[in-house]
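Hi,

Here's the structure I promised to pass on. Have a look at it first, and my notes on what turned up are just below.

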Amino acid sequence: MRLVLTVLLLISAAPVWAQVASGTAFAVASELLVTNQHVVAGCSSIEIIAADGRRKASVVVADADIDLALLRASGLKGPTARLRNPRAVRLGESVMVFGYPLAGALSSGGNFTSGLVSALRGLRDTAGELQITAPVQPGNSGGPLMDASGLVIGVVQAKLDALRVMRATGDVPQNVNFAVSLEVLAEFLVKNKVRFGAGSKTAPMDTAR
């Protein structure tokens, strides 16, 4: 399995002392990382925490319409993600999520969860998104959604607002989370001339690998 370099993002909003937030990003090429646009929106500075320490990062491009952003972190080293090719994602296939939810409260080494693709469209039938059952929390946004062979098939984006739905329907939704689709991610990288790696799906691996 080829590893995916996944990092914790620390984000400051202006003024710097007013707010510090966090999210997840993953490397797609040398010194380039992907995360969600909403993670970095309105930020005055961005710092990443990787295995080899902390460093500043900057936004190369951000697209609010598809909720993706490309970051540059000079000197960043480590493996880069491979996107699955062919890009078709199947309803019901296994998915894995790795990220840094609830930074400061949960493990500083990151959290790994698994689930299924539960729908091929997002909230209100939105194209370009996937619905997944893998548990995610605030801070998972921007992390890689991977298939059972470790290839990236999306970018973790959001979870359904359970309290809002409960107030509206009287029922608590379970495991309703969303990711930007592989097709949208690949088109975003191609549009911005990022030379990313690709790979074909192989036999499923044990999750501990």
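Proline 135 counts as partly exposed because its relative accessibility is 35%, which falls between the cut-offs of 20% for buried and 50% for exposed. Bear in mind that this is a predicted model. You'll find proline 135 in the loop between β10 (129–132) and β11 (144–146). Setting aside neighbours within four places in sequence, proline 135 is in contact with Thr113, Ser114 and Asn177.

The link to threonine 113 is worth a look. A polar atom of the threonine 113 side chain lies 3.0 Å from the backbone oxygen of proline 135. Threonine 113 itself belongs to strand β9 (residues 111–119), and beyond four places in sequence its contacts are Val95, Met96, Val97, Ala134 and Pro135.

Now for β10. This strand runs antiparallel to β9, joined by 2 bridges, and alanine 119 stands opposite glutamine 131 of β10. β10 also pairs with β13 (residues 177–181), again antiparallel, over 4 bridges; there, glutamine 131 has phenylalanine 178 as its bridge partner. Both faces of β10 are covered: Glu129 and Gln131 are buried on one side, Leu130 and Ile132 on the other.

After α3 comes lysine 193, with a positive phi near 60 degrees.

Cheers

How values were computed: Residues numbered from 1 in each chain as written. Predicted model: local features only at pLDDT ≥ 70, side-chain atom pairs only at ≥ 80, totals over all residues. Heavy atoms only, no water. Polar contact = N/O pair within 3.5 Å; in protein donor to acceptor, adjacent residues only side chain to side chain. Contact = heavy atoms within 4.5 Å. Buried < 20%, exposed > 50% of the residue type's maximum accessible area, 1.4 Å probe, protein only. Pairing = 2+ DSSP bridges.
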